[in-house]
Amino acid sequence: MNDDLIPLDNHSLQILNELQRDARQTVQQIADKVGLSSTPCWRRIKEMEASGVIRGYTVVVDREKVGLNLAAVTEVNLDRHHESKVRDFEKAVEASPQIVRCVAATGPADYILTVLVPDIKHYEKFLHTTLFEQAGVTHVRSSIVLREVKNEGSLPIDLGSPSRQRGAR
């Protein structure tokens, strides 16, 4: 079992699902949907915020409606995995607003990035001014996204998960 797992009961899990569905609901609306009164519901939300289960609240923006028409999945390899090179690369990733997701991975790529830009010319500029400029980058492979089949922002929180039931309070 994961030591970082925060024990949550079914009410807290239902609250999380409701917040993921619509974080603009009032506490009373959420409480009504999960079968609690307002004060215990509010208290659970505050506890989940304090423990880091809820990391923040955000707005989902349609990328194409704000001019980010090109999405690329970009695989990057580094020549060496010295701590300083990894740290420098990851700092550059953090500093680049075009990179909206980055994971360190196993397999043929060291990192897999999701890059959003207006068009292919901007992507080429991004490659030359951001990725190719990083010391230690030896290989970049790009796949242009033709169509998003699924882009789910909420986590699949399963109320019946055995690991959840063991850790419930």
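Predicted model: local features only at pLDDT ≥ 70, side-chain atom pairs only at ≥ 80, totals over all residues.
User: Okay, sheets first. In what order do the four strands stand?

Analyst: Here's the general idea: strands of a sheet pair through backbone hydrogen bonds, either parallel or antiparallel. Strands (E, at least two residues) and helices (H or I, at least four) are DSSP runs, numbered from the N terminus. Two strands count as paired if DSSP finds at least two bridges between them. In this structure the four strands make an open sheet, ordered β2-β3-β1-β4, with antiparallel pairing. β2 and β4 (137-144) stand at the edges with a single partner strand each, so one side of each has no neighbour in the sheet. Neighbouring strands are turned by 20° against each other on average, direction ignored; the axes behind that angle are lines fitted to C-alpha atoms, for helices over the stretch in contact, and angles run from 0 to 180 degrees between N-to-C directions.

User: How many bridges join each pair of strands?

Analyst: Five bridges join β2 (residues 99-104) to β3 (residues 111-117), and Arg101 sits opposite Thr114 of β3. The hairpin of β2 and β3 has six residues between the strands, and there Gly107 takes a positive phi near 100°. β3 is also joined to β1, by seven bridges. On that side, Val76 has Tyr111 as its bridge partner, and Leu70 faces Val117. Seven bridges also link β1 with β4, again antiparallel, with Thr74 opposite Ser142.

User: Is β1 enclosed or open, and why?

Analyst: To read this, look at relative accessible area: buried means under 20%, exposed over 50%, and partly exposed in between (1.4 Å probe, protein chains only). Seven of the nine residues of β1 are buried, so β1 is largely enclosed by the rest of the structure.

User: Now salt bridges. How many does a search of the whole structure find?

Analyst: The general idea: side chains of opposite charge can pair when their charged atoms come close. A salt bridge here is a side-chain nitrogen of Lys or Arg within 4 Å of a carboxyl oxygen of Asp or Glu. The search finds eight of them. One of these joins Glu18 and Lys33, at 3.8 Å from N to O. That pair links distant parts of the chain, with Glu18 in α1 (residues 10-21) and Lys33 in α2 (residues 27-34), 15 residues apart. Glu18 is buried at 15%, whereas Lys33 is partly exposed at 48%.

User: Which residues in helix α3 pair up, about one turn apart?

Analyst: Lys46 and Glu49, which are three residues apart. Their side chains meet in a salt bridge of 3.1 Å, N to O. Lys46 is partly exposed at 38%, and so is Glu49 at 26%.

User: And which residue forms a salt bridge with Glu75?

Analyst: Arg141 does, with the closest N and O atoms 2.4 Å apart. This pair links distant parts of the chain: Arg141 is in β4 and Glu75 in β1, 66 residues apart. Arg141 is partly exposed at 38%, and Glu75 is partly exposed at 22%. There's also a network, where salt bridges that share partners join Glu18, Arg21 and Lys33.

User: Last one: which residues make the nonpolar surface patch?

Analyst: Patches are made of residues with over 30% relative accessible area and no salt bridge; like charges are joined within 9 Å, and nonpolar side chains (Val, Leu, Ile, Met, Phe, Trp, Tyr) within 5 Å. Here Val59, Val61 and Val66 make a nonpolar patch of about 300 Å². Val59 is in the loop between α3 (38-51) and β1 (70-78), and it counts as exposed at 66%.

Notes:
Residues numbered from 1 in each chain as written. Heavy atoms only, no water. Areas by Shrake-Rupley, 256 points an atom, 1.4 Å probe, with all protein chains shown as cover.
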